[in-house]
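Q: Could you walk me through this one while I have it open? I'll jump around a bit.

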Amino acid sequence: MNNIAVIGLGNISKRHRANLRALYPEAKIFAVSASGRMAQEAIENADEFFSSIDDVLSYSIDMAIVASPAPYHISQASQLIKAGIPVLIEKPLSDSLKSFSMDADIFLGDSQRIEVGYNLRFMPSAVELKRLIDEGLLGAIYSVSVDVGQYLPDWRPISDYRSSVSARKELGGGVLLELSHEIDYLLWLFGPFDTAYCLATNTGSLDINVEDRVDAILHQRDGLVVNLHMDFLQRRPVRTCKIVGKAGTLLWDILHNSIYFYTSQGGEKTLYSEPDYDRNIMYLEELVRFSRVAKGELKPKVDVAQALRSLRLIEALKYSSEAQQVVNIGEAM
């Protein structure tokens, strides 16, 4: 890799630039403003700074990372794709299906060089959980319970959480888009869902203009039911997935990178545990793999079609909450 562009100047772009510098010390890294503003301070791990994508396109770019707020993803990524540049788009793919539909042909026509950054799939316990499910450890699976939450002001305590992307509707904030890793891994582990019912609410306790709490039920025709809870409210962070099957129960503790298996009569086994795992490794592995996607050596791990399914489910959940009814998710955009 000789020239790499990173769009956006926020926390995730900072992480990507630092990781790119560690992985490819000889590469030239271009930092690009997502909004057109000029940087007020020095940009770490960047050889040059540009205020627009147009400016960076005069260089021969080997790959680009779109790490801007979700409403900008489609328009910015499409510029890069049309210029023949492989693109890693931070999750989610977009803030809406409407936004995606404007450039759908561009993305679907060049999807082999587009990766979407659902990096949780690189976590060792996630890989192991997928293997256990696919090998049939649980037998028939009856239900799944997902619980993810953390008090939003604690995410980045040195800054005002109310001005963050997570807290602002115009920047693609809210629980459903910000915590969409859970949506992605549910589809990855269990496949598509047929119907959904959702309550997405704003408690008013955080002084933000997006939903801070979501409770949803997802259903498949074969009988599998998922109870999904997501919030910005829990003072003690939690991130778990409990899977109930005929042969027992699996508990995936994501925060501790561990998997436990429970059977009848008090049986309990630790099937995987690496609580000291360095989570930055997920991001490093994602970049290494994407560099091979950019070269045409591998297919995307999370391609446009998969990321679009997540976005479609998110929109179905939003619609269900607004309409206060069960909705058919379907496959039509």
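Q: Where is Pro92 placed?
A: Pro92 sits in the loop between β5 and α4 (97-101). This is a predicted model, and in it the peptide bond that joins Lys91 and Pro92 is cis, with omega at about -10 degrees.

Q: And β5, what does it pair with, and in which sense, parallel or antiparallel?
A: Strand β5 (residues 87-90) is joined to β4 by three bridges, and the two run parallel. Within that pairing, Val66 stands opposite Ile89 in β5.

Q: What is the strand order of the sheet they belong to?
A: The order is β3-β2-β1-β4-β5-β6, an open sheet of six strands with parallel pairing. Because β3 (48-50) and β6 (114-117) each have a single partner strand, they stand at the edges, and one side of each is left without a neighbour in the sheet. Direction ignored, neighbouring strands of this sheet are turned by 20 degrees against each other on average.

Q: What is the order of the nine strands in the open sheet with mixed pairing?
A: The order there is β14-β13-β12-β11-β7-β10-β9-β8-β15. Its edge strands are β14 (268-273) and β15 (327-328), each of which pairs on one side only. Helix α8 (residues 181-190) packs on this sheet, where it touches β7, β9 (213-219), β10 (225-231), β11 and β12 (248-253), and the direction of the helix makes about 160 degrees with that of β7.

Q: How many bridges hold β7 to β11?
A: Eight bridges join strand β7 (residues 141-149) to strand β11 (residues 238-245), and these two run antiparallel. Ile141, for instance, stands opposite Gly245 in β11.

Q: Back to α8, how many of its residues are buried?
A: The helix is mostly covered, with 10 of its 10 residues buried, among them His181, Glu182, Asp184 and Trp188. Just after α8, Gly191 takes a positive phi of about 85 degrees.

Q: Switching to aromatics, how many pairs does a search of the whole structure find?
A: The search finds six aromatic pairs. In one of them, the rings of Phe30 and Tyr59 have their centres 4.8 Å apart and their planes at 45 degrees, so the pair is tilted. It links distant parts of the chain, since Phe30 is in strand β2 (residues 28-32) and Tyr59 is in the loop between α2 (53-56) and β4 (63-66), 29 residues apart.

Q: Are those two buried or exposed?
A: Phe30 is buried, with a relative accessible area of 0%, whereas Tyr59 counts as partly exposed at 31% relative accessibility. Ring pairs link Phe30, Phe50 and Tyr59 into a cluster.

Q: Which charged side chain lies over the face of Tyr151?
A: Arg235 does, at 3.7 Å from the ring centre, and Lys301 lies over the face of Phe122, at 5.0 Å from the ring centre.

Q: What else does Lys301 do, say with Gln306?
A: The backbone oxygen of Lys301 lies 3.3 Å from a polar atom of the side chain of Gln306, a residue found in helix α10 (residues 304-323). Leaving aside neighbours within four places in sequence, Gln306 is in contact with Arg121 and Lys301.

Q: Last one: what is Ile53 in contact with?
A: Ile53, whose place is in helix α2, is in contact with Ile7, Val32, Gln76, Gln79 and Leu80, leaving aside its neighbours within four places in sequence. At 5% relative accessibility, Ile53 counts as buried.

How values were computed
Residues are numbered from 1 along each chain as its sequence is written. This is a predicted model: local features need pLDDT of at least 70, side-chain atom pairs count only at pLDDT 80 or more; totals for chains, interfaces and linings use all residues. Side-chain values use heavy atoms; hydrogens and water are left out. Rings of Phe, Tyr and Trp (its six-membered ring) pair if their centres lie within 6.5 Å; planes under 30 degrees apart count as stacked, over 60 as edge-to-face and the rest as tilted. Helices (H or I, at least four residues) and strands (E, at least two) are DSSP runs, numbered from the N terminus. Buried means under 20% relative accessible area, exposed over 50%, partly exposed in between (1.4 Å probe, protein chains only). A charge sits over a ring if NZ of Lys or CZ of Arg is within 6 Å of the ring centre and within 35 degrees of the ring normal. Two strands pair if DSSP finds at least two bridges between them. Contact means heavy atoms within 4.5 Å. Axes are lines fitted to C-alpha atoms, for helices over the stretch in contact, and angles run from 0 to 180 degrees between N-to-C directions. A polar contact is a pair of N or O atoms within 3.5 Å; within protein, one must be able to donate a hydrogen and the other to accept it, and residues adjacent in sequence count only if both atoms are side-chain atoms.
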